[in-house]
Amino acid sequence: MILQNGVTGFTGGNILLDRNWIEVRTLFKKKCYEIISKVGGEIIEWYEPSIDNGYLHSLCKIDGKELYIFFNSNYDYVAFAKNNNITDLMFIDNDQLAIAFCDSYRVLTLAELSEPLVFSKTGNKNTLQNPNELNSVELEYTKHFNAQTVGDLVFNYWD
């Protein structure tokens, strides 16, 4: 299950989800440099988590093509995208990178990230039908920011 408690960055106060961000970030960056150099690519820029997005990502160039590598630090999820437009991420699959990252991280596929969020309405209450363990804050933000897909939740721009 991808939609675990805290996957959006809002942990609902669950201290079990607290991690040493410096260590997690350092390990991820090291792994990225290692993998990208092995495939003959380069990392052009790093984007640290900010008020606009809560996830670390990098812009890379491999074989003359640019792509972004996204990292969800709460669950060590990695994904690839054509852009980093926070309101319209265009996720892609990259088999070469997926194989390289899969020993250390859970690589999310385009199909997984594009899975539509399904809600049922009972009276005034909308219930998320996709398998999930999201906390009440995450569920509220899902509605507030009109999230449409699993990718919208895992790599969101919520403040």
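This is a predicted model: local features need pLDDT of at least 70, side-chain atom pairs count only at pLDDT 80 or more; totals for chains, interfaces and linings use all residues.

Colleague: How many residues does α1 have, and what does it reach from first C-alpha to last?

Modeller: α1 covers residues 21-38, so 18 residues by the DSSP run. From its first C-alpha to its last it reaches 26 Å, close to the 26 Å expected at 1.5 Å a residue.

Colleague: Which residues of α1 are buried?

Modeller: Val24, Phe28, Lys29, Lys31, Cys32, Ile35 and Ile36. Down the helix axis they fall within an arc of 165°, so they line one face of α1.

Colleague: And what is exposed on the other side?

Modeller: Ile22, Lys30 and Lys38 are exposed there.

Colleague: What do the buried residues of α1 pack against?

Modeller: Strands β1 (42-47), β2 (56-62), β3 (65-72) and β4 (77-81), plus helix α2.

Colleague: What happens just after α1?

Modeller: Gly40 takes a positive phi there, about 80°.

Colleague: Switching to Leu97. Where is its place?

Modeller: In helix α2, residues 95-101.

Colleague: Why does Leu97 count as buried?

Modeller: Because its relative accessibility is 0%, and buried means under 20%.

Colleague: Which residues is Leu97 in contact with, leaving aside neighbours within four places in sequence?

Modeller: Ile35 and Ile36, then Val39, Ile62, Leu67, Ile69 and Phe80. Ile35 and Ile36 are also among the buried residues of α1.

Colleague: How far apart are Leu97 and Glu66?

Modeller: They are 31 residues apart in sequence and 13 Å apart in space, C-alpha to C-alpha.

Technical notes: Residues are numbered from 1 along each chain as its sequence is written. Side-chain values use heavy atoms; hydrogens and water are left out. Helices (H or I, at least four residues) and strands (E, at least two) are DSSP runs, numbered from the N terminus. Buried means under 20% relative accessible area, exposed over 50%, partly exposed in between (1.4 Å probe, protein chains only). Contact means heavy atoms within 4.5 Å. The expected span of a helix is 1.5 Å times one less than its number of residues. The arc is that of the directions from the helix axis to the C-beta atoms.
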